[in-house]
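Have the viewer open as you read.

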Amino acid sequence: MNQQQAIQLVEQHLNRHQPKEYRLHVIPGATRNEDDWWYVCVGPDRDNIRRYDYYDVLAQISREIEDEDDVNITLLPPPSGAA
């Protein structure tokens, strides 16, 4: 799996779990691969959304990808300044 495929897979799952008050999106420049794992950064479309407000969504999507697609992907909030 390459970076674009990992991002597309996350986006497919992310579309099913978008919060009502804001949108979450993948940040490709902050996405990386280490060993057999993809670390895909996902952040909100607004600056005033706190990270802990969407941690549960990221965890739910990570579990869903693991269960349904059998791919090693972890979703993370972006590092400061990456959004």
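The accessible surface of the protein comes to about 5,200 Å², and 42% of that belongs to carbon and sulfur atoms (Shrake-Rupley method, 1.4 Å probe; for residues, only the protein chains shown count as cover). Bear in mind that this is a predicted model, where local features need pLDDT of at least 70, side-chain atom pairs count only at pLDDT 80 or more, and totals for chains, interfaces and linings use all residues. Residues are numbered from 1 along each chain as its sequence is written, and side-chain values use heavy atoms, with hydrogens and water left out.

On the fold: the protein has two helices and four strands, in the order α-β-β-β-α-β from the N terminus. These are DSSP runs, with helices being H or I of at least four residues and strands E of at least two, numbered from the N terminus. The C-alpha trace spans about 35 × 25 × 20 Å along its principal axes. Of the 83 residues, 41% count as buried (under 20% relative accessible area; exposed is over 50%, partly exposed in between, with a 1.4 Å probe and protein chains only).

Beyond its neighbours within four places in sequence, Ser62 is in contact with Ile73, Thr74 and Leu75 (heavy atoms within 4.5 Å).

Now the charges. The protein carries 8 positive and 15 negative side chains, and the centres of the two sets lie 9 Å apart. Lys and Arg count as positive and Asp and Glu as negative, leaving out His and the chain ends; each charge is placed at NZ of Lys, CZ of Arg, CG of Asp or CD of Glu.

There are four salt bridges in the structure (a side-chain nitrogen of Lys or Arg within 4 Å of a carboxyl oxygen of Asp or Glu). Among them are these:

| Pair | Closest N and O atoms |
|---|---|
| Arg16 and Glu64 | 3.5 Å |
| Arg32 and Glu34 | 2.8 Å |
| Arg50 and Asp53 | 3.5 Å |

Salt bridges with shared partners join Arg16, Glu64 and Glu68 into one network. Arg16 is exposed at 52% relative accessibility, while Glu64 is buried at 13%.
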